[in-house]
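Subject: Structure for you to look at

Dear colleague,

My notes come after it.

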Protein chains: 2
Amino acid sequence: MANKSSMNDLFLHELRDIYHAEKQLTKALPKMARAASSDELKQAFQMHLEQTQGQIERLEQVFDQLDAAKRGTRCEAMEGLVEEAREIMEEGLSPELLDAALIAAAQKVEHYEIASYGTLHAFAEACGMNDVAKLLAETLQEEKDTDAKLNDLAISKVNKRAMESAQS
Amino acid sequence: MANKSSMNDLFLHELRDIYHAEKQLTKALPKMARAASSDELKQAFQMHLEQTQGQIERLEQVFDQLDAAKRGTRCEAMEGLVEEAREIMEEGLSPELLDAALIAAAQKVEHYEIASYGTLHAFAEACGMNDVAKLLAETLQEEKDTDAKLNDLAISKVNKRAMESAQS
């Protein structure tokens, strides 16, 4: 998008960026779920995949409300984050270390999304698009909840297991 | 780092990633401060530059405590985020829209750092490196505070100004 002359233009650019990002994530999450060895982590990734599909539907509702074409814009930063998660799975880590590294990669993805939906929500409110802002707030909360869940899982179980496994 | 066989290896990899990221950021922030037109945003970027220099010193203390060489590892995701901020400055946006777009880009960078320092802090605790964990917790809090400050600035002033300027 070459010309951005209004907040609506900035909003649409950000919307297309996260639409592309979420679609990439739906390809990566099933692989991350298969690669995880902790049952809880597998479930967390599977649950987030279902959630991500719902988030994509919300984004499509937003495109409809704006009467804008549903298409993504390639985002190199997010591609880098998803690629990082893929590379981790090919490093030959022990199952316990792999779980810890997968959570670290997934939390970077979540934080990218938290920043992006936070901006989209704030832009929607500034533009007076209240229905759109409400949809985005739902997704923003889901991303924050997913990040918090991954954090708890890392601290309460996965990191300890990774530490103990490498010492044994 | 090809072989990662312990939590310490994962920690060091993440440490080198964020060390490289912070160094890139010290080059981008002065440009972002110059590009911003809101005085408060300029000040926020300048203050975060000083903070980032202190955070790099903390990372160097961590390298020393681990007796590890102080060197960064190139991280494509963070390079993409910093590059995005640079591109925004060349898009010919109006000053008001540029401020809104710069905050959006800066919050993505902050969230990358929040995820990274969160992981480093959790890894340090799992490894029983209490002094290191304490240093990282200080930086983590600074990154969260910076993100919250940018968020407040966007919502209370910058986005409204951007919206009004494009309508006038």
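Predicted model: local features only at pLDDT ≥ 70, side-chain atom pairs only at ≥ 80, totals over all residues.

The predictor gives the complex an ipTM of 0.95, together with a pTM of 0.96. For chain A the mean pLDDT is 94, and 98% of the residues in that chain reach 70 or more. Within chain A, confidence is highest in helix H2 (residues 39-66), where the mean is 98, and lowest in helix H3 (residues 76-88), where the mean is 88.

As for the fold, chain A holds five helices and zero strands, so that, read from the N terminus, its elements follow the order α-α-α-α-α. The radius of gyration of chain A is 17 Å, which is close to the 15 Å that the globule rule gives for 168 residues, and chain A is therefore as compact as a globular protein of that length.

Turning to the interior and surface of chain A, 55% of its 168 residues count as buried. If one takes the contacts in chain A between residues at least 6 apart in sequence, 77% of them join residues that are at least 24 apart. The chain exposes about 7,300 Å², of which carbon and sulfur atoms supply 44%.

A:Ser6 is found in the segment before helix H1 (7-35) of chain A, and it counts as buried because its relative accessibility is 18%, where the cut-off is under 20%. Leaving aside neighbours within four places in sequence, A:Ser6 is in contact with B:Leu97 and B:Ala166.

The other residue, B:Ile56, lies in helix H2 (residues 39-66) of chain B, and with a relative accessibility of 10% B:Ile56 also counts as buried. Not counting residues up to four places away in sequence, B:Ile56 touches B:Tyr19, B:Glu22, B:Lys23 and B:Thr26. Of these, B:Lys23 is 33 residues from B:Ile56 in sequence, while their C-alpha atoms are 7.5 Å apart in space.

With best wishes

Methods. Residues numbered from 1 in each chain as written. Chains lettered and ligands numbered in written order. Heavy atoms only, no water. Helix = DSSP H or I, 4+ residues; strand = E, 2+ residues; numbered from the N terminus. Rg over C-alpha atoms; globule rule 2.2 N^0.38 Å. Buried < 20%, exposed > 50% of the residue type's maximum accessible area, 1.4 Å probe, protein only. Contact = heavy atoms within 4.5 Å. Areas by Shrake-Rupley, 256 points an atom, 1.4 Å probe, with all protein chains shown as cover. pLDDT = per-residue confidence, 0-100.
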